[in-house]
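Subject: Structure for you to look at

Hello,

Here is the structure I said I would pass on. Please open it and keep it beside this email as you read.

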Amino acid sequence: MLFRLQEYLLGLPWAPWTDLLRVDILNTIGFSMMLMGVMCRLANGGRARFAITAAGVALAIALATPLVWTTSRMHGLPWPLESYVNGVHTFKQPQAWLFPVFPWTGFAFAGLAIGFLLVSDWVRKREVQIFAFMGAAGVAIISLAHWFDHRPQQIYAVYDFWHTSPNFFLIRVGVLLVILLSVYA
């Protein structure tokens, strides 16, 4: 919020006051970290349970994003709160250049899931195989998401591949897994 205030003050007299409440990636990262802490508290288990729960939350966020941005928007919320959900800001529809909770928090949970796996003793004993598996899983996820994307039937009433598609979310996660293997190698 201090960064946002600084940006606003430097933009005076042209900056609108509403920019003080605009959601950006720093706000979403902070909110994501708080949500991950709540998830860890509620999941109550070992690393494997945390990893599975975090992966499930990431997938749920990805699947809910098209609805939250389009057909099931939360119009009743004041725009500063709705902005955190879908990036609507002061406009009538979500803005692609903002970083709301949906879908961006999903990446934090996907990273948390991988992180919990990587710090386990079982994985440390099988590092090479696990990283190779993650890279292969990344390629498989990319291929599966691409296949889903090219199906003639679509699940969602409004389809926007680049901003709200769970397929694009999965492709990005798959790419990150391939990058993780590359960095390890």
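Start with Phe 161. This residue is buried, because its relative accessible area is 18% and the cut-off for buried is under 20%. Phe 161 sits in the loop between α7 and α8. Its C-alpha atom is 9.5 Å from that of Pro 66, although the two residues are 95 apart along the chain. Bear in mind that this is a predicted model.

Now the overall picture. The protein has eight helices and zero strands. Along the sequence the pattern reads α-α-α-α-α-α-α-α. Its C-alpha atoms fill a box of roughly 60 × 40 × 30 Å along the principal axes. Of the 185 residues, 37% are buried.

Next, the charged pairs. Side chains of opposite charge can pair when their charged atoms come close. The structure holds four salt bridges.

- Glu 7 and Arg 4 meet in one of them, at 2.4 Å from N to O. Both residues belong to helix α1 (residues 2–10), where they are three residues apart, about one turn of the helix.
- Arg 22 forms a salt bridge with Glu 7, and here the closest N and O atoms are 3.0 Å apart. Arg 22 is in the loop between α1 and α2 and Glu 7 is in helix α1, so the pair ties together parts that are 15 residues apart in sequence.

Shared partners link these bridges. Arg 4, Glu 7, Asp 19, Arg 22 and Asp 24 are joined into one network.

How much space lies in the largest pocket? The volume is about 610 Å³. Its lining has 24 residues, and the closest to the centre are Ala 110, Ala 113, Ile 114, Val 173 and Leu 177. The elements that give two or more residues to this lining are α3 (47–69), α5 (101–118), α6 (121–124), α7 (127–149) and α8 (166–184). By class, the lining of the largest pocket has 23 nonpolar residues, one polar and no charged.

The second largest pocket has a volume of about 280 Å³. It is lined by 13 residues, and Phe 148, Ile 155, Tyr 156, Pro 166 and Asn 167 lie nearest its centre. Helices α3, α7 and α8 each supply at least two lining residues. The most come from α8, with three. This lining divides into nine nonpolar, three polar and one charged residues.

Last, the surface. Which residues form the nonpolar patch there? They are Phe 3, Ile 25, Leu 26, Ile 29 and Met 33, with about 460 Å² of accessible area together. Helix α2 (residues 25–43) gives the most to this patch, with four residues. Leu 26 is in helix α2.

Best wishes

Technical notes: Residues are numbered from 1 along each chain as its sequence is written. This is a predicted model: local features need pLDDT of at least 70, side-chain atom pairs count only at pLDDT 80 or more; totals for chains, interfaces and linings use all residues. Side-chain values use heavy atoms; hydrogens and water are left out. Patches are made of residues with over 30% relative accessible area and no salt bridge: like charges are joined within 9 Å, nonpolar side chains (Val, Leu, Ile, Met, Phe, Trp, Tyr) within 5 Å. Accessible areas come from the Shrake-Rupley method with a 1.4 Å probe; for residues, only the protein chains shown count as cover. A salt bridge is a side-chain nitrogen of Lys or Arg within 4 Å of a carboxyl oxygen of Asp or Glu. On a 1 Å grid over the protein atoms alone, a cavity is a set of points where a 1.4 Å probe fits but cannot get out, and a pocket is an open set with protein on both sides within 12 Å along at least five of seven lines; lining residues have an atom within 4 Å of a point. Grid points are joined across faces, edges and corners, and a volume is the space filled by probe spheres set on the points. Ala, Val, Leu, Ile, Met, Phe, Trp, Tyr, Cys and Pro count as nonpolar, Asp, Glu, Lys and Arg as charged, and the others, Gly among them, as polar. Buried means under 20% relative accessible area, exposed over 50%, partly exposed in between (1.4 Å probe, protein chains only).
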